[in-house]
Amino acid sequence: MAFDGITIACITKELQERLTGGRIYKIAQPEADELLITVRSGNGQYRLFLSANASLPLVYLVDENKPSPMTAPNFCMLLRKHIQNGRITAITQPGLERIIRIDIEHLNEMGDLCSKSLYVEIMGKHSNIIFCDDSLQIIDSIKHVSGMVSSVREVLPGRTYFIPQTQEKSDPLSAEEKSFGIQISAKALPVFKSLYMTYTGLSPVIAHELCFRAGIDSDKPAQSLDSDELTALWDIFSSVMQQIKSGVFSPNMVYESHSPSEYACIPLTMYTQDETTPFDSPSDLLHKFYAEKNTITRIRQKSSDLRRIVQTALERNIKKYDLQCRQMKDTEKRDTYKVYGELLNTYGYNAEPGSRSMEALNYYTNEMITIPLDPQLTPSENAKKYFDKYCKMKRTFEALEDLTAQVKAEIDHLESIATSLDIALKESDLVQIKEELIESGYIRRKGGTKKPKITSQPFHYRSSDGYDIYVGKNNYQNDELTFRFASGNDWWFHAKGIPGSHVVLRSGGQTDLPDRAFEEAGKLAAYYSKGRGPQKIEIDYTLKKNVKKPGGSAPGFVVYYTNYSLVIDSDISSLTLLSD
């Protein structure tokens, strides 16, 4: 799973075919590190999405538009000034580098024809979008990189643009058989790692695929390869490089447990045909693979402050709870001390003066026990000492019993909020979670600010049999869904013993629903819970009328005493999301 040089080559080919000769109609900057460029060409109108996001840098064509800020950022205004209405003359990739160069012709203020270039660098946290003139002087970039940040290259207006050579890697498109064998076998690394550490543009997935096609164990030490194995690996390597030079690509995605796990622009033969799905274009492939990932990455960035508040409060309460549990454990001997005191009052006359212990019959268990004594105290004084210990421990236990219950409830509440943050997909979802943190006392409301308008609504799914299923995104929505929206004969689902969403299956007045509807509602309860993953989860379900909310309990907290259970996975691919 990597946006490697081969994927860039495939995207470059698609952009060449669709955008070359087109005119730039509109330029927008929806996020601080994103551009959305609308291009009109003879083939139609296209939207080119460019992202230099450190977590998820991307380049591909999209269909949907994204809302832009009311005031365009400076970089966007600069591009509009220089290249809006300009014509794209060429789109190229230097070697197999993770860089796309877009050349644009435009008329300047004097009416003269000028040429500019937009360099899109897809390099992880070093990703950038750099705007240069025809002499490779940087006009501006979406991210400024000074010498204080990077000792390799400054990306600032007025500097000369160049591709940094931070690693000693060769261009795979110009590789030769003799040097290939020497370079690969010279490294004390597994074969697959030696491949992608030697040549630019190769990802670990592609390196594993090359080894698989050559019939070589990818984890085998590269230095132990014999001449036949090196020849077989070269034949596969050169064949793939020739396909890339010829522009022959096969975008495909690998699914595991119905979820996308890998992708590539050459066939991944190391997976079975049932596990792979072909795509018509790399843009379709990348949009499918990264759409959800990009949304989650963005919302995680926007929710980072809330996550930090929740995590800090959670850690503090867990430490407090652990301390209280240890103190509770220390009070476990309180009843023993009580028995010691009672037995001393009953049989203390048998104790010899100055003795350190005394044996007596425990009339509660009818067994003989040994009672430790302080030799400097009389039996009655020893009995009083044990009763004092008992009373102190009893008071400590009673106080801690209430405190630990309160702290445990607070931990459960915070964990449910953390799960809500994991579920959130939109900024409007975060508004309600922040409001819950304010009302719970974890965040102070700023003076003069009003309670925000809530626009977030529960997820609405349609089951395979046409039944409506609703999923709460946070604790407030869970309460609203369960106690105001659902009717008494609707079915209610929740992951057993772990934080998660309330799920309501609307019965529509029917008493006999198909088993598949229950299974799919259970899958949603599993998916929108802390236990989401490959393992199966136990789900409790009952009629909504059996679910009660204790007075004064935290948002989202309910009790029920009559329920059924099912154990199910969290695969919701068969369900249709109608609204989120």
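How many bridges join strand β1 to strand β2, and do they run parallel or antiparallel? Select residues 23–28 for β1 and 34–41 for β2: 5 bridges join them, and the two strands run antiparallel.

Before going further, some ground rules. This is a predicted model, so local features need pLDDT of at least 70 and side-chain atom pairs count only at pLDDT 80 or more, while totals for chains, interfaces and linings use all residues. Residues are numbered from 1 along each chain as its sequence is written, and side-chain values use heavy atoms, with hydrogens and water left out.

**Stop 1: the hairpin**

Stay with β1 and β2, which a hairpin joins through 5 residues. Now pick K26; its bridge partner in β2 is T38. Strands here are DSSP runs of E with at least two residues, helices are runs of H or I with at least four, and both are numbered from the N terminus. Two strands pair if DSSP finds at least two bridges between them.

**Stop 2: a covered helix**

Next, select residues 191–198, helix α4. Of its 8 residues, 6 are buried (under 20% relative accessible area; exposed is over 50%, partly exposed in between, with a 1.4 Å probe and protein chains only). Colour V191, F192, S194, L195, Y196 and T198 to see the buried set. What do they pack against? Show α3 (177–185), α5 (204–214) and α6 (227–246) for the answer.

**Stop 3: a buried glutamate**

Jump to E520 in helix α13, residues 515–527. E520 is buried but has no salt bridge, and R516, the nearest side chain of opposite charge, is 4.6 Å away. A salt bridge needs a side-chain nitrogen of Lys or Arg within 4 Å of a carboxyl oxygen of Asp or Glu. Which residues does E520 touch, leaving aside neighbours within four places in sequence? Select S463, S464, I469, S574 and L575, which are in contact with E520 (heavy atoms within 4.5 Å).

**Stop 4: two positive phi angles**

Most residues other than glycine have a negative phi. Select L136, though: its phi is positive, about 65°, and it is not a glycine. You'll find L136 in the loop between β8 (128–133) and β9 (138–141), partly exposed at a relative accessible area of 30%.

Finish at N366, also not a glycine, with a positive phi of about 60°. N366 is in the loop between β13 (357–362) and β14 (367–372), and is exposed, with a relative accessible area of 61%.

Methods. Lys and Arg count as positive and Asp and Glu as negative; His and the chain ends are not counted.
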